[in-house]
Structure formats: C-alpha cells, structure tokens
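Dear colleague,

My notes on it follow directly after.

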Amino acid sequence: TLRKPISQSSMADWASKNLNMHTQGIFRRRISISNMLSWNGGSIKKPMLITSNRTIKKEACEMFKLVQSYMGDRQTRMDRNHVALVTVTKCWSMQGLRDELYIQLIRQTTDNMCYRSLAWGWELMAISLAFFSPSPKFQSYLEGYIYRHLDSDENIALHIKELVDLKNKKNSKSRKKRKQSTEDEGLPISTYAKYCYRKLQKVAVTGGKKGLRKPTVEEIMHARNAILTPSLFGSSLEEIMLRQQDMYPENKLPWVQTQLSQQVLALGGEQTEGIFRIPGDIDEVNALKLQVDQWRMPSSLSDPNIPASLLKLWYRELEEPVIPQQFYKECISNYENPDAAVAVVQLLPELNRLVLCYLIHFLQIFAQPSNVGRTKMDVNNLAMVMAPNCLRCQSDDPRVIFENTRKEMSFLRMLIVHLDTSFIKGLV
C-alpha cells in the first residue's frame with residue numbers, strides 16, 4: 001500500500017532548512033533552491049546538505065563526481081559496476097554520506113535533458129536502496145520525490161523536450177547533440193520509481209545490508225538485476241511462484257522454502273543446539289542469499305545455522321506474511337483454542353495454507369522429544385523464534401505489541417502441537 005507522501009510545500013520547507021546553499025560568481029551570490037536541485041554538469045565545492053563533519057565535506061564532493069561518472073555525465077576509466085561499487089561502499093561505510101548521495105541523485109535526475117543519464121541516475125538510486133536506507137528525517141523527502149515519478153513518463157518526455165527546445169533557442173549549435181540526447185535509452189522512469197518506492201519501504205524497516213564484509217561487484221550486479229527480476233526475498237508468494245514457473249513448473253511450494261529447509265536437515269540442524277535461536281554468521285548468510293537468489297544451493301555449507309538464519313529471513317521479508325494480515329485478529333483471538341487455531345489455517349488462501357503447513361511440518365520435526373534433548377529448543381522456544389516471521393502486528397502501541405507477541409507465540413504453538421500436516425510429506 002502506498003502511503004500519502006509529504007506535500008510539495010513540506011518538501012520545499014525541508015530543503016530550505018537542510019540544504020547547504022551554494023554560491024556562484026565573484027559576488028558569491030546564493031544559488032536558488034530550484035537551481036540547487038537541478039541537474040549540474042560541473043563539480044561542486046561543498047556538500048549538498050549541511051554538515052560539520054570534515055570527512056563528509058571532502059567525500060561528498062568526490063562522490064558527486066562518481067554520481068556523474070555513473071550517469072555518463074563525466075568521463076572515467078572505471079566501468080559502471082566499479083563506479084557503483086565505490087559509491088555504495090563509501091556510503092555503506094560512512095552513514096553521514098547516505099542522505100548526501102540521495103540528495104545528489106535527486107538533483108541529477110531533475111531537469112536532466114539526457115534520457116540515458118536520467119535512467120542511469122534512477123538505476124543508481126535503486127542499487128543504493130539495496131544496501132542502505134536514508135536517515136528517518138530524510139526518508140519522507142525521498143519518498144515524496146519518488147512518489148511524484150510513479151506515473152510520470154509522459155510528463156518527463158515532454159519536460160525533456162521543452163528543456164531541449166529552450167536550450168536550442170539559446171544555442172543553435174548544440175541542436176544536433178541535444179536532439180540525440182532525448183532519444184529513449186533505458187527503462188521507463190516509472191519502472192525505476194515503482195521499484196525504488198517498494199524498496200524504500202522495505203529498507204526503512206530492515207535497515208539494508210548487515211555484516212562486516214564490504215559490498216561486492218556481484219552484489220551490485222544483483223541489485224541492478226533485481227529492478228526487472230524480483231528477488232526471491234521481499235516479494236509476495238504469488239510473485240515467487242510465478243518466477244519459478246519456468247524452472248520448476250510442477251512445484252506447489254516455493255523452491256527457496258523447500259531447499260533451505262532441506263539444507264537445515266541435511267546438515268544435522270535437528271541435532272544442533274540452539275538451532276533457529278543462534279544466528280549464523282551474517283556475512284555467510286548474505287553470501288548464501290546471493291546464491292539462492294540465483295537458484296543455486298552451494299554444496300560447501302557445513303553450519304546448519306546459515307540456512308536456518310536465511311530461512312527465517314525469507315519468511316520475515318515476505319511482502320505479505322505467510323498468514324495474511326486479514327487473518328491476524330482471528331489468530332490472536334484463538335491463541336488458546338486448538339480447534340479454532342487449526343480452523344483459521346483452513347481459511348487461508350491455498351498457497352498460503354500450503355506454505356504455512358510446510359513450515360509447521362518442518363517445525364514438528366524439531367519438536368520431537370528426541371531432538372529437543374539435543375537442540376534445547378522445545379515447542380515453546382520454536383514458537384517464540386518463528387511467530388514474528390509468520391504474523392505481523394500492525395499496531396504502533398508498545399503495550400499492544402507486547403501483549404500480542406505472547407498471543408502470536410501461543411497461536412503458533414497450538415499449530416505445532418495440533419495441526420495435522422501429514423499430507424505435506426509427498427508435496428514439494
């Protein structure tokens with residue numbers, strides 16, 4: 001669901017308070033906000049946003065050159081993947097540069113007369129959102145900017161034409177060059193905007209890439225590909241099943257769910273103390289996520305906590321939880337009634353029902369007394385770690401969240417103990 005973004009007046013107000021106003025000419029006249037937020041072919045001598053951090057001040061100006069290089073507005077010897085990698089790594093390592101990058105991208109994708117440059121600017125924004133979110137205070141501004149471009153393709157084409165015509169009148173020699181620059185190259189801007197909008201909603205909650213290992217070229221390429229090819233993580237169950245239609249048309253369950261579950265068992269997860277409670281190494285989990293998203297399951301895994309952590313992440317990042325939101329109240333109302341809890345499962349859409357039953361069947365293996373003795377993860381512990389991945393409380397009230405957490409755990413516990421999942425055995 002799309003939230004109503006902040007108004008134009010609010011965005012202008014935000015800009016007037018946070019932009020580090022630049023000057024020009026020998027009299028150092030201040031540049032207007034509209035010019036500050038319009039495409040610039042030259043370099044900048046100070047950051048776009050107000051900051052007292054000396055390192056940020058220096059890095060911001062260098063980063064502007066990288067943004068121009070990625071968009072094809074500045075010559076560079078590096079290929080675009082490495083330009084993106086250097087840019088993303090700077091911001092991933094230095095939190096103070098993140099808002100600066102996003103405001104630079106907003107500037108360079110505003111009043112840009114070259115469609116290819118414009119498309120590449122949006123592409124870099126999409127790639128960046130795969131690694132880090134803007135600060136909470138800047139998020140609403142970025143969200144408002146992206147929102148205005150969700151259905152703006154005709155307006156953008158018209159606006160570029162107007163800008164080019166205006167430029168041609170001023171300088172007739174540039175006519176041929178400018179005319180060429182308006183030719184459509186790249187995806188429609190609305191495609192990038194829709195992807196960025198969804199990605200911004202998710203990264204604001206998940207916080208982007210975690211771990212100590214720096215971003216890699218493979219992750220950059222993967223982030224770019226995800227614009228057109230939705231990831232197996234963070235998509236809806238329907239999208240995931242649609243994606244696997246070509247490769248696994250017979251499968252009734254998501255390949256990623258069954259493969260990761262089988263890996264946990266193949267590596268002896270049901271005999272591993274603290275399974276699902278003890279997290280796997282975050283960098284190893286990230287590396288596995290990258291491979292799984294390319295439909296590959298490496299044979300070199302040895303620690304069951306790695307696929308177990310990624311499996312939890314997959315459930316948690318689903319666009320809509322396994323138990324859809326409209327059934328939430330019914331679940332927490334029947335957290336002590338086994339028959340009613342089981343009845344809720346039968347009401348779920350068929351795909352959600354199968355995915356949930358597969359998960360419960362999987363957890364029932366770990367709940368067997370012979371395994372609990374080794375894992376120290378009884379049915380209560382299993383319900384505690386898995387409930388937040390299946391049910392999502394929409395309330396912002398801490399008291400409601402606290403009270404519902406207990407009910408969510410109890411509901412999942414009812415399913416692990418009482419739901420008949422024997423039919424799952426022959427299903428993949």
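The second largest pocket of this predicted model holds about 500 Å³ of space. A pocket here is an open set of points on a 1 Å grid over the protein atoms alone, where a 1.4 Å probe fits, with protein on both sides within 12 Å along at least five of seven lines; its volume is the space filled by probe spheres set on the points. Its lining, meaning residues with an atom within 4 Å of a point, comprises 22 residues, and Leu37, Thr110, Tyr145, Arg148 and His149 lie nearest the centre. The helices α1 (8-18), α6 (115-129), α7 (136-147) and α8 (153-170) each contribute at least two lining residues; helices are DSSP runs (H or I, at least four residues).

The domain assignment, automatic or from a database, gives domain 1 (8-166 + 188-228) and domain 2 (237-426). Eleven residues from each domain make the contact (heavy atoms within 4.5 Å). Between them the domains bury about 880 Å², 48% of it on carbon and sulfur atoms; this is the accessible area (1.4 Å probe) lost on being put together, summed over both. On the domain 1 side, Arg198, Arg213 and His222 lose the most area, together 52% of what that side buries.

Residues are numbered from 1 along each chain as its sequence is written. Local features need pLDDT of at least 70, side-chain atom pairs count only at pLDDT 80 or more, totals for chains, interfaces and linings use all residues, and side-chain values use heavy atoms, without hydrogens and water.

With kind regards

Technical notes: Buried area = accessible area lost by both parts, 1.4 Å probe.
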